[in-house]
Amino acid sequence: MASSYPTLAPFILKRPWLANMLKPVANWYSNAAGYRQLGLRADDLIVEENEKVIKALKRLPPKEAYDRVYRLRRAFQCSTTHKLLPKSEWTTPKEDVPYLRPLLDQITAEEKERAALDSLTVIKSH
């Protein structure tokens, strides 16, 4: 996803030895963040007040949109009662796959293409 903040991910992913070295730290951080213990996925944490995110949410298939709302409501309920889900209901790393980021990447690419086409100048030659 083209983001507005700097990231080291491309640098790390190009170097397998560095990726292998940092993988345990990344797994530890994901588990320590606590969102998986509430049944959430990483893409559920993306702030919805952005126009691109709103467009991406509208493009979600109905089943995925329903699942997202269910996960968020269940997490709010757990947060309100100050309890975690049973361990059997936690999100596993295999289930925590991006579902919103591909749509955000697609929207960003479309906006870049639209901007390039809007700034296109036509030169008429006779």
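The legends below describe an overall view and several close-up views of one predicted model. Residues are numbered from 1 along each chain as its sequence is written, and side-chain values use heavy atoms, with hydrogens and water left out. Because the model is predicted, local features need pLDDT of at least 70 and side-chain atom pairs count only at pLDDT 80 or more, while totals for chains, interfaces and linings use all residues.

**View 1**
The C-alpha atoms fill a box of roughly 75 × 40 × 20 Å along the principal axes, and the radius of gyration is 19 Å, whereas a compact globule of 126 residues would have one near 14 Å (taken over C-alpha atoms, the globule rule being 2.2 Å times the number of residues to the power 0.38). Of the 126 residues, 25% are buried, with buried meaning under 20% relative accessible area, exposed over 50%, and partly exposed in between (1.4 Å probe, protein chains only). Among contacts (heavy atoms within 4.5 Å) with a separation of 6 or more, 77% are between residues 24 or more positions apart.

**View 2. The salt bridge between D43 and R101.**
The side chains of D43 and R101 meet with an N to O distance of 3.4 Å, a salt bridge being a side-chain nitrogen of Lys or Arg within 4 Å of a carboxyl oxygen of Asp or Glu; by this rule the count comes to twelve. D43 sits in the loop between α2 (16-33) and α3 (51-59), and R101 belongs to helix α5 (residues 101-118), so that this pair links distant parts of the chain, 58 residues apart. D43 is buried at 2% relative accessibility, while R101 is partly exposed at 36%.

**View 3. E48 and R68 within a salt-bridge network.**
The closest N and O atoms of the salt bridge between E48 and R68 are 2.7 Å apart. Because E48 lies in the loop between α2 and α3 and R68 in helix α4 (residues 62-81), the pair ties together parts that are 20 residues apart in sequence. E48 is partly exposed, with a relative accessible area of 35%, whereas R68 is buried at 4%. Both residues belong to a network of salt bridges that also links R41, D44, E64 and R71.

**View 4. The salt bridge between E111 and K55.**
Here the closest N and O atoms are 3.6 Å apart, and since E111 lies in helix α5 and K55 in helix α3, the pair ties together parts that are 56 residues apart in sequence. E111 is partly exposed at 28% relative accessibility, and K55 is partly exposed at 36%.

**View 5. The surroundings of D96.**
D96, in the loop between α4 and α5, is buried, with a relative accessible area of 13%. Its side chain is joined to that of Y35 by a polar contact of 2.8 Å (a pair of N or O atoms within 3.5 Å; within protein, one must be able to donate a hydrogen and the other to accept it, and residues adjacent in sequence count only if both atoms are side-chain atoms). Leaving aside neighbours within four places in sequence, D96 is in contact with Y35, R36, R41, A42 and T91.

Note on methods. Helix = DSSP H or I, 4+ residues; strand = E, 2+ residues; numbered from the N terminus.
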